[in-house]
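Colleague: I would like to learn how to read a few features of a model like this one. Could we take them in turn?

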Amino acid sequence: MRKLSEIMVRSGLQTYREIIHVALFSIVSSLVLFPVLLFLPVPLALLVLVLLYVPLAAGALYACHRILQGEKGSVRTMLKGTLVHYGSALVFGLVCALFVLILVSSWWYYGSRSGMMSLALAVFQTYFVALFFISQTYTLSLVVQERLGIFSAMGRSVKLFVARPMYTIGACFQMLCFAVLLGVTVVGFACLYMGMIGFFANLVTANVLRKDEEESRSEGVADESTAVSGDLHFAGRES
């Protein structure tokens with residue numbers, strides 16, 4: 001399993017090589033994102049993000065995955081991925097929106113009350129929601145790479161998080177850093193973020209899946225060795 005720093009370097013190189021595709025994927029998704037955030041009220045904006053932006057993000061992941069597999073990528077590929085994975089992305093977006101609402105309602109309710117207990121409950125809810133989002137770092141990439149159903153992908157992402165907590169937290173933190181650094185310029189976010197995350201998320205997920213498969217194979221070999229040695233020991237006792 002490669003270190004996260006190596007994945008970041010590889011992702012940066014891939015972004016540089018495919019900078020045109022990175023820009024195209026990012027701009028297409030931003031055409032939905034910025035009008036929604038600038039002109040729509042918050043509840044309606046959240047709904048449109050779930051209906052359009054999250055599926056477009058899945059489409060960008062799909063197109064970047066195809067490029068990493070050696071195939072040609074294009075905006076058409078991105079839109080195809082959006083349509084193919086629209087249902088899964090929509091459900092995932094709705095679940096994420098639900099947790100955002102939990103967080104907002106918690107601070108709205110407990111924040112209006114005085115006392116340390118109310119503050120502690122609001123902080124706990126924040127920790128709970130943050131833990132959920134970190135545990136779902138791999139979900140859309142698993143849908144794209146493994147062709148899993150959304151609930152299977154969410155469950156698998158949680159298992160990968162439990163198996164590799166520091167790696168997952170580090171990957172999620174890097175995605176957040178990309179968003180903050182590019183968001184400062186706004187234009188940089190619009191032209192680069194989604195394409196960069198498309199490559200980075202696919203590489204991070206493929207890396208952790210490779211390690212998971214290697215461990216499964218090693219466990220299988222160990223079980224076979226134990227079974228063979230047990231059979232030989234039993235045969236020796238019979239003789």
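**Reading helices and burial**

Modeller: This is a predicted model. We can start with T77, which sits in helix α4 (residues 75–84).

Colleague: Is T77 buried or exposed?

Modeller: Buried means under 20% relative accessible area. T77 has 15% relative accessibility, so T77 counts as buried. Beyond its neighbours within four places in sequence, T77 is in contact with Y62, A63, R66 and K72.

Colleague: Which residues of α5 are buried, and what do they pack against?

Modeller: An α-helix has 3.6 residues a turn, so residues three or four places apart point the same way. In α5 the buried residues are S88, A89, F92, G93, V95, C96, A97, F99 and S106. They pack against α3, α6 (116–135), α7 (139–146) and α8 (150–163).

Colleague: What is the span of helix α5 from its first C-alpha to its last?

Modeller: Helix α5 (residues 86–110) has 25 residues and reaches 36 Å, close to the 36 Å expected at 1.5 Å a residue.

Colleague: Which residues does the "transmembrane region" annotation cover?

Modeller: The unreviewed UniProt entry gives that annotation to several spans, including 83–110 and 161–181. In the model, residues 83–110 are 96% helix and 0% strand, with end C-alpha atoms 40 Å apart. Residues 161–181 are 95% helix and 0% strand, and their end C-alpha atoms lie 25 Å apart.

Note on methods
Residues are numbered from 1 along each chain as its sequence is written. This is a predicted model: local features need pLDDT of at least 70, side-chain atom pairs count only at pLDDT 80 or more; totals for chains, interfaces and linings use all residues. Side-chain values use heavy atoms; hydrogens and water are left out. Helices (H or I, at least four residues) and strands (E, at least two) are DSSP runs, numbered from the N terminus. Buried means under 20% relative accessible area, exposed over 50%, partly exposed in between (1.4 Å probe, protein chains only). Contact means heavy atoms within 4.5 Å. UniProt positions are given in the numbering used here, feature names are shortened, and annotations may be inferred rather than shown by experiment. The expected span of a helix is 1.5 Å times one less than its number of residues.
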